[in-house]
Amino acid sequence: MRLVLASASPRRLDLLKRIGVVPDAVIPAEIDETPRKAELPTAYAARMAAEKAEAVRGAEAGAIILAADTVVAAGRRILPKTEQEEEALASLELLSGRRHRVLSAVTLIDAAGTARHRLSTTIVSFKRFSPDELSDYLASGEWRGKAGGYAIQGRAEALVRMISGSHSGVVGLPLYETRALLRAAGYALG
């Protein structure tokens, strides 16, 4: 069975390798990722994963398509994938000393065209950041392109006070849910 990962994320490729899965192709989905007006974080994450899978499915008929989306949510608010330092600072100041949710949605479309969906919800709590900690983290540049302005698999992990849920889901692909979807589609796991 041909497996296509609908993502350009090197982290997702690395996570798949941890469970012995190497996609036959990597085709990033080109979709509009703008949240809809009043769209809640859980619905947004699920919609993004499903839309990414559908976008790639058209070019890869008969293949298994795997897509994911990870959203950092503070209450009902969807935090952006930060591209500017000001965005990262605003996100990190909002998350400082408080709990937030990381929603990682996975969609798998099997060779017959059946779509299956899973959602991982992880609670992350950061320590209260000092001005020096914020400054040092921003200087690292690790926040670029990261939902909520941080990468848990990097320096930010040392600032996490508590995590409840899937560490791999916070990185970008919840392995438990992904493995279950692959097995349900008949994909041979090593």
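This is a predicted model: local features need pLDDT of at least 70, side-chain atom pairs count only at pLDDT 80 or more; totals for chains, interfaces and linings use all residues.
Within α2, the buried residues are P41, Y44, A45, R47, M48, A49, K52, A53 and V56. In an α-helix, which has 3.6 residues a turn, residues three or four places apart point the same way. The cover over the buried residues of α2 includes the strands β1 (3-5), β3 (64-74), β4 (77-78) and β5, together with helix α1 (10-18).

Strand β5, which runs from residue 99 to residue 109, contains T107. This residue counts as buried because its relative accessibility is 2%, below the cut-off of 20%. Beyond its neighbours within four places in sequence, T107 is in contact with A49, A50 and A53, with I65, L66 and A67, and with R116 and H117. A polar atom of the T107 side chain lies 3.3 Å from the backbone nitrogen of A50, while A49 and A53 are among the buried residues of α2.

The analysis of open space gave a largest pocket with a volume of about 430 Å³. Its lining is made up of 25 residues, of which S9, R11, R12, K81 and G145 are the closest to the pocket centre. Two or more lining residues are given by each of α1, β3 and α5 (167-171), and β3 gives the most, with three residues. Classified by residue type, the lining of this pocket has twelve nonpolar, six polar and seven charged residues.

Methods
Residues are numbered from 1 along each chain as its sequence is written. Side-chain values use heavy atoms; hydrogens and water are left out. Helices (H or I, at least four residues) and strands (E, at least two) are DSSP runs, numbered from the N terminus. Buried means under 20% relative accessible area, exposed over 50%, partly exposed in between (1.4 Å probe, protein chains only). A polar contact is a pair of N or O atoms within 3.5 Å; within protein, one must be able to donate a hydrogen and the other to accept it, and residues adjacent in sequence count only if both atoms are side-chain atoms. Contact means heavy atoms within 4.5 Å. On a 1 Å grid over the protein atoms alone, a cavity is a set of points where a 1.4 Å probe fits but cannot get out, and a pocket is an open set with protein on both sides within 12 Å along at least five of seven lines; lining residues have an atom within 4 Å of a point. Grid points are joined across faces, edges and corners, and a volume is the space filled by probe spheres set on the points. Ala, Val, Leu, Ile, Met, Phe, Trp, Tyr, Cys and Pro count as nonpolar, Asp, Glu, Lys and Arg as charged, and the others, Gly among them, as polar.
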